[in-house]
Amino acid sequence: MAEAEQHWIACRFAGRHFDAGRDEVEHVATDRGDLSELQMVMLRIWAGLGNRWELPDAPERAAAPPPSPWTPVLFLLQQVINAVTVACVYGLLAIGYTLVYGILGQINLAMGELTMIGAMTTAVASAGLVMLGAQGAAPALLAVLLAVMGFTAVQGWTMDRLVFRPFRGMRTHTPLIAAVGLAIAYQEAVRLLHGARDWWPPPVFATRHDLASAGGFTLTALTSQAIVLALTAGLYALLAWVMKRTAFGRAHRACADDVGAAALMGLDVNRTVATTFAIGGAYAAAAGYVIALYYGGINFFTGYLVGFKALAAAVVGGIGSVPGAMLGGALLGMVETFWSAYFAIEYKDIVAFGLLALFLVLRPQGLMGQERRRGD
C-alpha cells in the first residue's frame, strides 16, 4: 500500500505573544503554494476574522463617522484594558522571583522556564479537552489550572532539592550559574520532546463586549480579560492570607529576616525554602496558563524573554516584596502597552529594560523594597 500523502500549511501572524497583531494572519503558505490575495480574503471571511484587504473593484465604503473628542479617551481606556492581562502575567511570575529572593537573597533565573513548562503543559491539556469536546467547560479549565500548578510546584521543589540546596550558604555566583544551566536544560528538554514549533491552543471565553463607541472607535473588552484579572486577584489574595495567617508564612518571614536565627529557634529551614520554591513554581505556572490560553503562540523559548521582563518587574516593584511584585508587574505592563499603542512597537523591549536600568540607578530597592546595605 502506498504511503499516505502528507500535506503541510504554515501561517505567519502580524505579532506574537503580547503584540497587538497576534491574531492577524498576514501570509499562508502550503505544500501546494502560497495563498493569493483573493484566497486570503476568502479565508478570513470563512474564519470570521473580518477582511482588511480590498477586493478588486470593491464598492466604496460607507462614509466615516464624524470625529469625536471622546475618541482619544476611549483609545486610552482601551490600552488600560489591554494592559491588564500583560500586568497579570508579569505580576504572577514576579511573585515567584520575589518569594525565592526574599528567603535566600538569590535570583532563580530558571523561574521563566517554569512558566514555559506551565504553558506547554496547558497546551497539551487543552488539546486533550478539544478532543473531548470540553475546551470551553469552566470546571475542566479549573482542573487543568490546578493540575498545571501542582505539576510545576513539584518542579520547583525538585529544583531546590537537587540544584539550590547543595549550594546553600555559598558566597559565590555558583547558584546563579547553576540556575542558568538549569534553564538551558529545561529549554532543550522541551524542544527535544515537543519540537520547536509554536503551539496555538484555542482561546477560551473570547466573547467580545462593546462598552462604548465614539468617532468610529469602539471600546471593547473580552470575557477572558475579566477572568484573568479575577484569577490573578484571587491568587494574590490567597498568597497574602498564607503569608500572614499560616505557620509557613511565619516561618518564611523568620527565615527572610535571619536564616541562622530561625534555625536556632527550631525552624526547618530546608523545608521552608523548598515550600517557597514550590509556591513560586505554582505561581509561575499560573502565568504560563494565562499565556497559553489567552495569547497562544508558545514554544520552548517562551519563558526566556517573559522571565527576564518579570524579573525586571520584581526589581522595579521591590524584589522581596510580594505587593511590590504585583505593583511592578502592573507598571511594566502599562509601560509596554502604552508604548506599543502610541510609539514604535519595535522599541517596547528597549523601554522595558531601560526602565529597569533607571530604577537600578536611582532607586535600587524598588518601589516597595527595603534598602539593603553592604553586608546585609
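Colleague: What is the relative accessible area of Phe-205, and is the residue buried, exposed or partly exposed?

Modeller: The model is a predicted one, and the values here are computed from it. Phe-205 sits in the loop between helix H5 (174–194) and strand E4 (208–214). Buried needs under 20% and exposed over 50%. Phe-205 falls in between and is therefore partly exposed, with a relative accessible area of 31%.

Colleague: What is phi of Phe-205 near?

Modeller: Most residues other than glycine have a negative phi. Phe-205 is a residue other than glycine with a positive value, and its phi is near 50°.

Colleague: How many helices and strands does the secondary structure come to?

Modeller: The chain has 376 residues, of which 44% count as buried. Among contacts with a separation of 6 or more, 70% are between residues 24 or more positions apart. The secondary structure comes to 12 helices and 5 strands.

Colleague: Is H2 parallel, antiparallel, perpendicular or oblique to H3?

Modeller: The axes of helix H2 (residues 71–104) and helix H3 (residues 111–132) come within 10 Å and cross at roughly 140°. Roughly antiparallel would need an angle over 145 degrees, and roughly perpendicular one of 65 to 115. That makes H2 oblique to H3.

Colleague: Is the crossing of H2 and H3 left-handed or right-handed, and which residues meet there?

Modeller: From H2 come Leu-93, Gly-96, Tyr-97 and Val-100, and from H3 come Met-111, Gly-112 and Thr-115. By class, the contact of H2 with H3 has 4 nonpolar, 3 polar and no charged residues. As for the hand, H2 passes H3 in a crossing that is right-handed.

Colleague: Which residues is Val-100 in contact with, leaving aside its neighbours within four places in sequence?

Modeller: Val-100 belongs to helix H2, and its relative accessible area of 1% makes it buried. Its C-alpha atom is separated by 9.6 Å from that of Ala-256, 156 residues apart along the chain. With neighbours within four places left aside, the contacts of Val-100 are Gly-105, Gln-106, Asn-108, Met-111, Thr-276 and Phe-277.

Colleague: How are H7 and H9 placed to each other, and what residue classes make up their contact?

Modeller: Helix H7 (residues 247–257) and helix H9 (residues 269–295) have axes that come within 10 Å and cross at roughly 105°, so the two are roughly perpendicular to each other. H7 contributes Phe-248, Ala-251, His-252 and Cys-255, while H9 contributes Val-269, Thr-272, Thr-275, Thr-276 and Ile-279. By class, the contact of H7 with H9 has 5 nonpolar, 4 polar and no charged residues.

Colleague: How many charged residues does the contact of H6 with H7 have?

Modeller: Helix H6 (residues 223–245) packs against H7 at an angle of about 75°, the axes being 5 Å apart, and that makes H6 roughly perpendicular to H7. Val-242, Met-243, Lys-244 and Arg-245 in H6 meet Ala-247, Phe-248, Gly-249, Arg-250, His-252 and Arg-253 in H7. By class, this contact of H6 with H7 has 4 nonpolar residues, 2 polar and, for charged, 4.

Colleague: What number of disulfides does the count come to?

Modeller: Cys-88 counts as buried at 5% relative accessibility, and Cys-255 is buried with a relative accessible area of 1%. A disulfide needs a pair of cysteine sulfur atoms within 2.5 Å. By this rule the number of disulfides is 0.

Colleague: Which residues does Phe-151 touch, not counting those up to four places away in sequence?

Modeller: Phe-151 has its place in helix H4 (residues 138–164) and counts as partly exposed at 41% relative accessibility. Phe-151 and Gly-118, 33 residues apart in sequence, are 8.2 Å apart from C-alpha to C-alpha. Not counting residues up to four places away, Phe-151 touches Ile-117 and Thr-121.

Colleague: How far apart are the C-alpha atoms of Leu-331 and Tyr-90?

Modeller: Leu-331 lies in helix H11 (residues 322–342) and counts as partly exposed at 30% relative accessibility. Beyond its neighbours within four places in sequence, Leu-331 is in contact with Val-316, Leu-355, Phe-359 and Leu-367. Leu-331 and Tyr-90 are 241 residues apart along the chain, and their C-alpha atoms are separated by 9.6 Å.

Notes
Residues numbered from 1 in each chain as written. Predicted model: local features only at pLDDT ≥ 70, side-chain atom pairs only at ≥ 80, totals over all residues. Heavy atoms only, no water. Axes fitted to C-alpha atoms, helices over the stretch in contact; angles between N-to-C directions. Helix = DSSP H or I, 4+ residues; strand = E, 2+ residues; numbered from the N terminus. Parallel < 35°, antiparallel > 145°, perpendicular 65-115°, else oblique. Left-handed = near helix turned anticlockwise from the far one by under 90°. Contact = heavy atoms within 4.5 Å. Nonpolar A, V, L, I, M, F, W, Y, C, P; charged D, E, K, R; others polar. Buried < 20%, exposed > 50% of the residue type's maximum accessible area, 1.4 Å probe, protein only.
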